[in-house]
Amino acid sequence: MQWLIALETDGDPITSCRLMNIFRRKGVSIVTLAMAARPEGFSVIAVADTPESAVEHIFNFLRRVEGVQLVTYYRHEPLGDASFVFIDADVDSSSIARFLQTFPESKLIFASHGKYLLEIPGDRKAHSASLDFGKQEILPFARVKTSIPQPELVTAQAS
Amino acid sequence: MGKQFNGSEILLESLRRENVEFFFGLPGGVVLPLYDALYSSGVRHLLVRHEQAAAFAADGYARVTGKVGVCLGTSGPGATNLTTGLMSAMMDSIPVVALTGQVPLPLIGKDAFQECDTIGISMPSTKRSFLVRSAADLPSVIHQAFKTAISGRPGPVLVDLPKSVLMESAEPTYPTTPGVEQLERIREWTDEDLERAAEMILESRRAVFYVGGGVIAANAWQELRELAELTQIPVTTTLMGLGAFPSAHPLSLGMLGMHGSYATNQSICNCDLLIGVGVRFDDRVTGRLKDFASLAKKIHIDVDPAEVNKNVRVDVGLIGDARETIHALLGALKRHLREGKDPAPPVRQQWLQRIESWRSEHPLTYDKYGHTVKPQYVIETISRHAAEDAVVSVDVGQHQMWAAQFWEFHKPRTWLSSSGLGSMGYGFPAAMGAQLAFPNRQVIAIVGDGGFQMTLNDLATVAQYRVPVKIAIINNRALGMVRQWQEIFFEKRYCDIDLSFAPDFAKLAESYGIRGVRVDHRTDVPDAVRDFLSDREPRLIDFWVDPAENVYPIVPPGASLAEMVVEPPRVLVEEEEALDDLWAV
């Protein structure tokens, strides 16, 4: 099954090296990957083939790696009910333009080296079926897990 | 402009502010500026004879104290020699900070003398690593390194220190957080999750606590005991969890898994609720995964979300600090008790009686009447004569399993074992680190002749600093565990396990100025042990034990816990003669 993993890390390149090593060791089969530098650090998106049974573990493993600030997992949803779209403009450079014409309100999540992740506005989801989904360069995804901080922090004296 | 210091001085002051009492290391070219600062700093440093021993000693220190252990190696080979110790700490979640020298910044990447990519090499064996690029960064990097090592799931952190940084001048600004850290204890479980776990406990009839190193790391042993006693649910520990629950407690089951006892493994196979606390469902514990505790619902309490549902799917995962979570569970169960629901219904006693019957069927035992020195007898005797708060440090192999089976544990943080990585050579240097942490307690290294030969060069360190560690060698003149596997699983095709070419360890100890004796008769064991433990000097006993003894029970690889072999196969009379010639190759 295909998944899209989006990560944000601190600015230390060591963290990015760790990520690639983790992908290798955990058997994450990467189909395509892009990385971008931000003022605060790096952004990475990877489309990967991973068995569904491994997703929870890899998600939890990634989110607790030192230096990783944010992890989000998206599941490939080929049947049209998708809120996010991954576009690989390397395959067809016109695809991003076509998409933005169809969804001008869409929000750019990630863009680097011809790889784009965009969020489709909520009221347009039903219309997404009109797009030529299933083609290699445009993949629909649904967000399934994110590490946006929510846990309760219980501050305590070290024993 | 404030006062300027060089990087080495800033580093030592940063360590002092992290309450580092001492660290273990070995100097080399690129760390000479640091040792020059050390000369007049008053920070205590112990010179080892191999950096691997420094890493193991730092690990041993960390396990007994719960604080961060610190080790130092120079660049290149000094750093690579730390790798095994770091990987062992990583596998067992032990807080260690490794300081490594590095060539000057302009030379990095130029294949300079004693340069290596330390960060790259150590990446999989550390929780985090830092390359310091300026002396001014040292205070914050060191603080961050210590905080990372000890927070959440503890683990090793490496700080790579270029020589130019150690020599550079800077005006330091130290972090203002107090010496006692305000640790953030993460809790991801909800009140609904906790209540569900409490209800599962109340509904269970045959529950077992499965407890690991995470309980010790979280200092949660008192809460665990209270919970076990409130619910009357028996407790089994992993190799890492030994000491978390007293061996003599009526609810103690001892160790489970590949060399766990018959009763304990049967408990796991027949329980209807398994409550894992600070564990990771390791293959040495579970045996064949699909059959592990197959009749049981499962609760998993762990601080690391990546461990929940990694190997075994559980019904309730409570991600958070073990101490906080057990405390909350106690609160929930006490509330139920006030409402009339007893967490320890009478059915629990039936379960405990059933477990006792299994214990009677196949107790952990050995031949107590043979003429040879049995390794189990040696370990039991030392345990009987040791102080209750004695620390025991083991190496890797058969003796490790016998110590896990036959040592009586009274307190936590008294057991040192390279459990996950299983690194031979660990036991003696780890004991050294533990002894330096507690100079007035008994610290006993129980090691095999194979593992001891990997790190015995640090007898010099023990002699130099008069570290009063006691070293008991369980000497079967072989790589015993390998021999056992070749005997059982490879049709006795013994290959390269003969260690009869070895020094006389007692004489070797004497050559270092350490009293050493050999014991090779059963009746000499008690007096030798009493004498061995009677003083505050480093001592060594070389126990020549039965080389044919095997560790039982054993769960064969790929088998379930229920398929454990509890005793050696009965041999025909003519086969007994062949046992005299164990090393045919």
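# Chatting through chains A and B

Reader: Hi! Where does Pro553(B) lie?

Author: Welcome! This is a predicted model, and in it Pro553(B) sits in the loop of chain B between strand S21 (539-544) and helix H24 (573-578).

Reader: And what kind of peptide bond joins Tyr552(B) and Pro553(B)?

Author: A cis one, with omega at about -5°.

Reader: Nice. What about Asn19(B), what's its phi near?

Author: Phi of Asn19(B) is near 60°, which is a positive value in a residue other than glycine. You'll find Asn19(B) in the loop between helix H1 (7-17) and strand S2 (22-26) of chain B.

Reader: Is Asn19(B) buried or exposed, and why?

Author: Asn19(B) counts as exposed, because it has 12 C-beta neighbours inside 10 Å and the cut-off for exposed is 12 or fewer.

Reader: Then Phe281(B): buried or exposed?

Author: Buried, because Phe281(B) has 24 C-beta neighbours inside 10 Å and 20 or more are needed. Its phi is also positive, near 50°, and Phe281(B) belongs to the loop between strand S13 (273-277) and helix H13 (283-286) of chain B.

Reader: Let me zoom out. How many helices and strands does chain B have?

Author: Chain B has 24 helices and 21 strands. Its radius of gyration is 25 Å, close to the 25 Å from the globule rule for 585 residues, so chain B is as compact as a globular protein of that length. The C-alpha trace of chain B spans about 75 × 65 × 45 Å along its principal axes.

Reader: How much of chain B is buried?

Author: Buried residues account for 55% of the 585 residues in chain B. As for contacts in chain B between residues at least 6 apart in sequence, 77% of them join residues at least 24 apart.

Reader: Switching to chain A: how many residues of strand S5 are buried?

Author: Five of the five residues in S5(A), which runs over 84-88, are buried.

Reader: Which way do they point?

Author: Phe84(A), Phe86(A) and Asp88(A) point one way from S5(A), while Val85(A) and Ile87(A) point the other way.

Reader: Which strands does S5(A) pair with?

Author: One is S7(A), residues 115-119, joined antiparallel to S5(A) by five bridges, with Asp88(A) opposite Lys115(A). Another is S8(A), residues 138-146, also antiparallel, over four bridges. There, Ile87(A) has Ile138(A) as its bridge partner.

How values were computed: Residues are numbered from 1 along each chain as its sequence is written. Chains are lettered from A and ligands numbered from 1 in the order in which they are written. This is a predicted model: local features need pLDDT of at least 70, side-chain atom pairs count only at pLDDT 80 or more; totals for chains, interfaces and linings use all residues. Helices (H or I, at least four residues) and strands (E, at least two) are DSSP runs, numbered from the N terminus. Two strands pair if DSSP finds at least two bridges between them. The radius of gyration is taken over C-alpha atoms; the globule rule is 2.2 Å times the number of residues to the power 0.38. Two residues are in contact if their C-beta atoms, placed from the backbone, lie within 7 Å.
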